[in-house]
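Here is a short briefing for a first look.

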Protein chains: 2
Amino acid sequence: MSNMGYPGHMELHEPDLRDVPVTAVLAALADDVRLQIVRTLAEGGEHACGTFEFGVSKATRSHHLKVLREAGVTRTRIAGTSRYVRLRREELDRLYPGLLDAVLAAPDRVA
Amino acid sequence: MSNMGYPGHMELHEPDLRDVPVTAVLAALADDVRLQIVRTLAEGGEHACGTFEFGVSKATRSHHLKVLREAGVTRTRIAGTSRYVRLRREELDRLYPGLLDAVLAAPDRVA
DNA sequence: GAGGTTGTTCGACGGATGTCGAACATGGGT
DNA sequence: ACCCATGTTCGACATCCGTCGAACAACCTC
């Protein structure tokens, strides 16, 4: 009956970008699957996790999204059973000006 | 006596940058020791391998320089028993405009 | 509430990666 | 010729990383 804090939803770990070493951001981007995800997110707006179909299992997809989130690259909003992911573009651009643009502009060469 | 190709010096493997996937460049930069090396090289000019003193053994240092070279980040000139390394800055800037600048401008946070 | 949807977590496994010391290769000096 | 200086290469080792299926958790709908 009494107010018992929040319902289910454990907080997602989304670090302050200043606490993330550059090498961690670079490492997060240095993977084909994750780079595909970031390219998709760069189109703007939110994307449901399930919409990323890159030939990996959902467990692997979940793993990659976690890596991106914990590297400060993405932010996740929980809504029902779905999670909506978006790029932390402004923050990234402010802290690492030009980085994301340069990576996104790079040729795709993944076939 | 006849001309028998070149003397000792086996060719160093220095790939065409267009053959290197972005993820490989990012991976090469996503390491503290290697990033230190790149920062030093960014000061310009050539640096002898031995001048990199970052608390790792010479075997490890050699390994990191190889990773950077094979990712197309550096170029190496052999002179006697020494090797002189330099950044492939113009090429990198042409193919990935802004990438190197962004990474180098990032806060150092390695203590 | 039973069942379906969406996504995470938990081992497990194989392959890559960072690290080292020791051995090797090469070239310069005396 | 010998030795030393500079680097590379070779196992070896520990750790990390990407991948998966299976189990679990939360939520929505009927």
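Contact here means heavy atoms within 4.5 Å. By that rule, 21 residues from chain B and 21 residues from chain A make up the contact. This is a predicted model, in which local features need pLDDT of at least 70, side-chain atom pairs count only at pLDDT 80 or more, and totals for chains, interfaces and linings use all residues. Residues are numbered from 1 along each chain as its sequence is written, chains are lettered from A and ligands numbered from 1 in the order in which they are written, and side-chain values use heavy atoms, with hydrogens and water left out.

**Interface of chain B and chain A**

- Buried area is the accessible area (1.4 Å probe) that two parts lose on being put together, summed over both.
- Between chain B and chain A it is about 1600 Å², and carbon and sulfur atoms give 76% of that.
- Helix 1 (22–29), helix 2 (32–41) and helix 5 (99–105) of chain B each give two or more residues to the side that touches chain A.
- Helices (H or I, at least four residues) and strands (E, at least two) are DSSP runs, numbered from the N terminus.
- Helix 1 of chain B has the largest share of that side, five residues.
- The side of chain B that touches chain A has 15 nonpolar, two polar and four charged residues.
- In these classes Ala, Val, Leu, Ile, Met, Phe, Trp, Tyr, Cys and Pro count as nonpolar, Asp, Glu, Lys and Arg as charged, and the others, Gly among them, as polar.

**Pocket and cavities**

- On a 1 Å grid over the protein atoms alone, a cavity is a set of points where a 1.4 Å probe fits but cannot get out, and a pocket is an open set with protein on both sides within 12 Å along at least five of seven lines; lining residues have an atom within 4 Å of a point.
- Grid points are joined across faces, edges and corners, and a volume is the space filled by probe spheres set on the points.
- The largest pocket holds about 300 Å³ of space.
- It is lined by 18 residues, and the closest to its centre are A:Cys49, A:Ser62, A:Leu65, A:Arg69 and A:Arg83.
- Helix 3 of chain A gives the most to this lining, seven residues.
- The pocket lining divides into five nonpolar, seven polar and six charged residues.
- The count of cavities of 30 Å³ or more is three.
- The largest cavity has a volume of about 50 Å³.
- Its lining includes B:Val25, B:Leu29 and B:Asp93.
- By class, the lining of the largest cavity has seven nonpolar, no polar and one charged residues.

**Salt bridges**

- A salt bridge is a side-chain nitrogen of Lys or Arg within 4 Å of a carboxyl oxygen of Asp or Glu.
- Over all chains there are 16 salt bridges, but between chain B and chain A the count is zero.
- A:Glu14 and A:Arg75 form a salt bridge through their side chains (3.1 Å, N to O).
- A:Glu14 lies in the segment before helix 1 of chain A and A:Arg75 in strand 2 of chain A, 61 residues apart.

**A loop residue in chain B**

- B:Thr51 sits in the loop between strand 1 (47–48) and helix 3 (58–70) of chain B.
- A polar atom of the B:Thr51 side chain lies 2.6 Å from the backbone oxygen of B:Ala48.

Methods:
Polar contact = N/O pair within 3.5 Å; in protein donor to acceptor, adjacent residues only side chain to side chain.
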